[in-house]
Amino acid sequence: QPQLVQSGGGLAHPGGSLRLSCAASGSMISIHAMNWYRQVPGNQRELVAAIFDGGTTNYASSVKGRFTISVDNAKNTGYLQMNMLKPEDTGPYYCNAILSVAGGEKRLYWGQGTQVTVSS
């Protein structure tokens, strides 16, 4: 059973950078799409960035030009590079991804979440 394991995050100053990672554990895994969400007040999750098969990306307007989503298929790992961070970027961040194993059924998996804090 594949798992998504997140790493990265932590504390950054306004204007600084952080990189989040989301690694799919297991063998013969294919990543078909990946999304990054952050939790906003009210416990809702806001879609921050998405990447699809073929490399098409989408970003929330609040992060466009500052954040970059990517996937390294050789490492089965996705990344969210966050630059020019703002205090309002603070919160827990979650990845999810559509994965398949050995070309089988595609399923949605979630990472465990990681905290990002932007503060001076």
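Is Cys22 buried or exposed, and what is its relative accessible area?

1. Cys22 is buried, with a relative accessible area of 0%, where buried means under 20% relative accessible area, exposed means over 50%, and partly exposed lies in between (1.4 Å probe, protein chains only). Cys95 likewise counts as buried, at 0% relative accessibility.

2. This is a predicted model, in which local features need pLDDT of at least 70 and side-chain atom pairs count only at pLDDT 80 or more, while totals for chains, interfaces and linings use all residues. Residues are numbered from 1 along each chain as its sequence is written, and side-chain values use heavy atoms, with hydrogens and water left out.

3. The structure holds 1 disulfide, a term that denotes a pair of cysteine sulfur atoms within 2.5 Å. The disulfide is formed by Cys22 and Cys95, whose sulfur atoms are 2.0 Å apart, and the link is right-handed, with 70° about the S-S bond. Because Cys22 lies in strand E3 (residues 18-25) and Cys95 in strand E9 (residues 91-101), the pair ties together parts that are 73 residues apart in sequence; strands (E, at least two residues) are DSSP runs, numbered from the N terminus.

4. Asp72 lies in strand E7, which covers residues 67-72, and Asp72 is partly exposed, with a relative accessible area of 25%. Once neighbours within four places in sequence are left aside, Asp72 is in contact with Thr77 and Tyr79, contact meaning heavy atoms within 4.5 Å.

5. Asp72 can also be placed relative to Ala23: the two residues are 49 residues apart in sequence and 9.6 Å apart in space, C-alpha to C-alpha.

Notes. Helices (H or I, at least four residues) and strands (E, at least two) are DSSP runs, numbered from the N terminus.
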